[in-house]
Amino acid sequence: QVQLVQSGGGLVQPGGSLRLSCAASGSIFNINAMGWYRQAPGKQRELVASFTSGATNYADSVKGRFTLSGDVAKNTVYLQMNNLKPEDTAVYYCAADQRRSGIRYWGQGTQVTVSS
């Protein structure tokens, strides 16, 4: 079993920055991919950034503004969000895939609101 605990998020003005954190615990050794999703009201859940097979990928809407990184020693991944826009407002979720079991684990989600 894998547990993902998120922190960060909040209210920020357009052009501001936030950093989201996701700490993993439990049976983390077989995790082969991690990423960040977001879901805005009335919209489908969207993949924002992911790390799989040694490559980092970003949605076109966040390229150049968001950066996915990790601290292996702390079993934590981060999403640095810069130059935030109102359209970035959503609930953000971290996710971890365990290929051997075919299970996707989810964090609890955190609200990001970008408003003036």
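By class, ten nonpolar, five polar and one charged residues make up the lining of the largest pocket; here Ala, Val, Leu, Ile, Met, Phe, Trp, Tyr, Cys and Pro count as nonpolar, Asp, Glu, Lys and Arg as charged, and the others, Gly among them, as polar. The model is predicted: local features need pLDDT of at least 70, side-chain atom pairs count only at pLDDT 80 or more, and totals for chains, interfaces and linings use all residues. Residues are numbered from 1 along each chain as its sequence is written, and side-chain values use heavy atoms, with hydrogens and water left out.

**The pocket**

Select Met34, Val72, Asn75, Thr76 and Val77, which lie nearest the centre of the largest pocket among its 16 lining residues. A pocket is an open set of points on a 1 Å grid over the protein atoms alone, where a 1.4 Å probe fits, with protein on both sides within 12 Å along at least five of seven lines; lining residues have an atom within 4 Å of a point. The volume of the largest pocket is about 410 Å³, taken as the space filled by probe spheres set on the points, which are joined across faces, edges and corners. Strand 3 (18–26), strand 4, strand 7 (66–71) and strand 8 each give two or more residues to the lining of the largest pocket; strands are DSSP runs (E, at least two residues), numbered from the N terminus.

Next, select Arg38, in strand 4. Arg38 is buried, at 7% relative accessible area (buried means under 20%, exposed over 50%, partly exposed in between; 1.4 Å probe, protein chains only). The side chain of Arg38 forms a salt bridge with that of Asp88 (3.0 Å, N to O), a salt bridge being a side-chain nitrogen of Lys or Arg within 4 Å of a carboxyl oxygen of Asp or Glu. This pair links distant parts of the chain, 50 residues apart, with Asp88 in the loop between strand 8 (76–81) and strand 9 (90–98). Asp88 is also buried.

Glu46 is partly exposed at 30% relative accessibility. Then show Tyr92, whose side chain makes a polar contact with the side chain of Arg38 (2.9 Å); such a contact is a pair of N or O atoms within 3.5 Å, where, within protein, one must be able to donate a hydrogen and the other to accept it, and residues adjacent in sequence count only if both atoms are side-chain atoms.

**A surface pair and the network**

Finally, select Asp60 and Lys63, which form a salt bridge with the closest N and O atoms 3.1 Å apart. Salt bridges that share partners join Arg38, Glu46, Arg65 and Asp88 into one network. Asp60 is exposed at 66% relative accessible area, and Lys63 is exposed at 51%.

Notes: Helix = DSSP H or I, 4+ residues; strand = E, 2+ residues; numbered from the N terminus.
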